[in-house]
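Subject: Structure for you to look at

Hi,

Here is the structure I promised. Please open it first, then read my notes below.

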Amino acid sequence: MADLGSLTSGQNAALLIFAFLQADCRSSEYEEELFSLGKDLHLTRDINFNGPRKDVLDDGDLETDGHLCSCIAPADIHDIQPSPELQWPRNQAEAAAIQQVAEGLREIADQIEHNVVARATQNLSKNIFTSPSEWKDHLTQEVVRVMRQGVGLEHLPQERVMMALTLTLVKGVCEQAPRLLRTLFNTALQYVSSGRAR
């Protein structure tokens with residue numbers, strides 16, 4: 001598996017966090033917030049082109065089928081969901097490493113006992129709502145508390161367990177309150193980039 005340290009800075013860290021948060025979306029509101037965040041951060045693009053097409057110039061040229069360029073987007077088609085695709089680095093090895101680490105982190109997160117994560121997510125959510133200005137501190141405290149308590153994954157690299165736990169807690173809170181996604185994404189990005197999750 002790729003070195004975690006080289007993937008937790010800059011755009012790679014954002015891609016890693018986003019790839020983790022994107023897996024297994026259960027809520028349409030959460031999925032919409034995630035898609036919007038990905039578009040704003042230029043991490044995703046809508047492969048179904050369900051919105052304004054900024055990447056296509058209508059220069060009057062004909063398409064290969066002989067028709068003029070067009071973008072049909074009727075206002076009454078609200079049930080078609082955007083299909084996000086991550087904008088991976090051009091370097092295939094780097095993109096594969098990010099995907100592999102994100103998948104590995106999801107596997108570790110799956111192994112963490114459900115009740116530990118549920119309780120930690122509740123604690124983090126409660127603390128964030130009581131004092132929203134200290135989100136990064138609350139995240140740090142909850143990760144440290146759970147790691148001290150033990151998650152039963154001592155056989156795995158602990159920096160990956162901490163990263164998986166961090167992202168699992170962020171995802172858990174965001175699934176409960178999707179409107180917090182942007183702030184928690186940025187908090188997780190700062191937290192991961194600072195090396196606290198390693």
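A residue counts as buried when its relative accessible area is under 20%. Keep that cut-off in mind. Note also that this is a predicted model.

Start with Glu142. Its relative accessible area is 4%, so Glu142 is buried. You will find this residue in helix 5, which covers residues 135-149. What does Glu142 touch, once neighbours within four places in sequence are left aside? Its contacts are Ala120, Asn123, Leu124, Asn127 and Leu169.

Now go to helix 2, residues 28-40. This helix has 13 residues. At 1.5 Å a residue they should span 18 Å. The end C-alpha atoms are 18 Å apart, so the model agrees with that expectation.

Which residues of helix 2 are buried? They are Tyr30, Leu34, Phe35, Leu37 and Gly38. Look down the helix axis and these buried residues fall within an arc of 165°, so they line one face of helix 2. An α-helix has 3.6 residues a turn, so residues three or four places apart point the same way.

Check both ends of helix 2 too. Ser27 caps the N-terminal end. One of its side-chain oxygens lies 3.3 Å from the backbone nitrogen of Glu29. Just after the helix, His42 takes a positive phi of about 60°.

Last, the cysteines. The disulfide count is zero. Cys25 has a relative accessible area of 25%, so it is partly exposed. Cys174 is at 0%, so Cys174 counts as buried.

Best wishes

Key: Residues are numbered from 1 along each chain as its sequence is written. This is a predicted model: local features need pLDDT of at least 70, side-chain atom pairs count only at pLDDT 80 or more; totals for chains, interfaces and linings use all residues. Side-chain values use heavy atoms; hydrogens and water are left out. A disulfide is a pair of cysteine sulfur atoms within 2.5 Å. Buried means under 20% relative accessible area, exposed over 50%, partly exposed in between (1.4 Å probe, protein chains only). Helices (H or I, at least four residues) and strands (E, at least two) are DSSP runs, numbered from the N terminus. The expected span of a helix is 1.5 Å times one less than its number of residues. The arc is that of the directions from the helix axis to the C-beta atoms. A polar contact is a pair of N or O atoms within 3.5 Å; within protein, one must be able to donate a hydrogen and the other to accept it, and residues adjacent in sequence count only if both atoms are side-chain atoms. Contact means heavy atoms within 4.5 Å.
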